[in-house]
Amino acid sequence: MNFSARLKAFALLASLGFCALTGAAQAEVTVSHSNDPNPVLGMELNALLDQERDGLETAGTDAIQRLLQSFKPKSSAPAISYTEAFLDSRPVATGDTEWQCLSEALYFEARGESVKGQFAVAEVILNRVSSPAFPNSVCGVIHQGTGKKYQCQFTYTCDGYSDVIREKAAYEQVGKIARLMLDGAPRTLTQGATHYHTRAVNPRWARSFAKTAQIGVHMFYRMPQA
């Protein structure tokens, strides 16, 4: 397939809305933080142009197929229902260190929230992973600033209290949410939010950030240029 034909193929993919999902294993890929796949497609096409100049033309069809494969979702995430009944129907979740970090963050930050509220907090964490303004891993985002009391991003990691999981059922529920989100569940509740706070406080930064949602006791915001 010559280069012009490949460009036409990628243009067709773009028109059909194919995009690469970014999970924990691919957090280095920067995507649109409004969940619009088009910038991702544009980045991939620009990369193709750069590679063409570097000799991709001679790489053969295997290289093209690998690039085409990057547009496909990494998993077939189920349709999400933000209810306890839906989560009860899901199998007990397990995972790697990234899953453990996300599960613990949801437990300590949002276990008292509704299911929708817990998904929303998970969105914020993953939106940060996708943003160049924050660390590019789930654990890196959650533990940013840990070690300096009350200067961390997520209070439970630096408040001086022991992080002991005592509510098994609550942890099992947020573990399922963490698994779904890492497996590619949509992030549509918070419109790309990178920050949140409870209604009990009024932080200074909230005055200059775009408010995107209010779910339960949390207000959600998107950092400028995130």
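This is a predicted model: local features need pLDDT of at least 70, side-chain atom pairs count only at pLDDT 80 or more; totals for chains, interfaces and linings use all residues.
Q: Hey, what counts as a helix or a strand here?
A: Both are DSSP runs numbered from the N terminus: helices are H or I with at least four residues, strands are E with at least two.

Q: OK, and in what order do the elements of the protein chain run from the N terminus on?
A: They go α-α-α-α-α-α-α-α-β-β-β. In total that gives the protein chain 8 helices and 3 strands.

Q: Let's look at helices. At what angle do α5 and α6 pack?
A: Helix α5 covers residues 97-110 and helix α6 covers residues 115-130; they pack at about 125°, with their axes 10 Å apart. Axes are lines fitted to C-alpha atoms, for helices over the stretch in contact, with angles from 0 to 180 degrees between N-to-C directions.

Q: How are α5 and α6 oriented to each other, then?
A: They're oblique to each other. Under 35 degrees is roughly parallel, over 145 roughly antiparallel, 65 to 115 roughly perpendicular, and the rest is oblique.

Q: Which residues of α5 and α6 make the contact?
A: On the α5 side you'll find Leu102, Ala105, Leu106 and Ala110, and α6 brings Gln118, Val121, Ala122 and Ile125.

Q: How do the axes of α5 and α8 cross?
A: They come within 8 Å and cross at roughly 130°. That pair is oblique too.

Q: Which residues in α5 meet α8?
A: Glu98, Trp99, Leu102, Ser103, Glu104, Leu106 and Tyr107 do. Waiting for them in α8 are Ala170, Tyr171, Val174, Gly175, Ile177, Ala178, Arg179 and Leu182.

Q: I'm looking at Ser103 now. Buried or exposed?
A: Ser103 counts as buried because its relative accessibility is 0%. You can find Ser103 in helix α5.

Q: Which residues is Ser103 in contact with, leaving aside neighbours within four places?
A: Tyr171, Val174, Gly175 and Ala178.

Q: What about α6 and α8, how far apart are their axes?
A: Their axes are 10 Å apart, and the two helices pack at an angle of about 45°. That makes α6 oblique to α8.

Q: Which residues meet there, α6 to α8?
A: Val115, Gln118, Phe119, Ala122, Glu123 and Leu126 in α6 meet Gln173, Val174, Ile177, Leu180, Met181 and Leu182 in α8.

Q: Zoom in on Phe119 for me. Which helix is it found in?
A: Phe119 sits in helix α6. With a relative accessibility of 1%, Phe119 counts as buried.

Q: And what is Phe119 in contact with, beyond its neighbours within four places in sequence?
A: Phe119 touches Ile80, Tyr82, Leu87, Ile177, Leu180, Met181 and Leu189. Also, the C-alpha atoms of Phe119 and Val174 are separated by 8.5 Å, although these residues are 55 apart along the chain.

Q: Leu87 was in that list. Where is Leu87 found?
A: In helix α4, residues 84-88. Leu87 counts as buried, at 1% relative accessibility.

Q: Which residues is Leu87 in contact with, again skipping neighbours within four places?
A: Val115, Phe119, Gln173, Lys176, Ile177 and Leu180. As for Glu172, 85 residues away along the chain, its C-alpha is 9.6 Å from that of Leu87.

Q: Last one: what phi does Gln191 have?
A: A positive one of about 55°, although Gln191 is not a glycine.

Q: Where does Gln191 lie?
A: In the loop between α8 (168-182) and β1 (195-198). Gln191 counts as partly exposed, because its relative accessibility is 43%.

Key:
Residues are numbered from 1 along each chain as its sequence is written. Side-chain values use heavy atoms; hydrogens and water are left out. Buried means under 20% relative accessible area, exposed over 50%, partly exposed in between (1.4 Å probe, protein chains only). Contact means heavy atoms within 4.5 Å.
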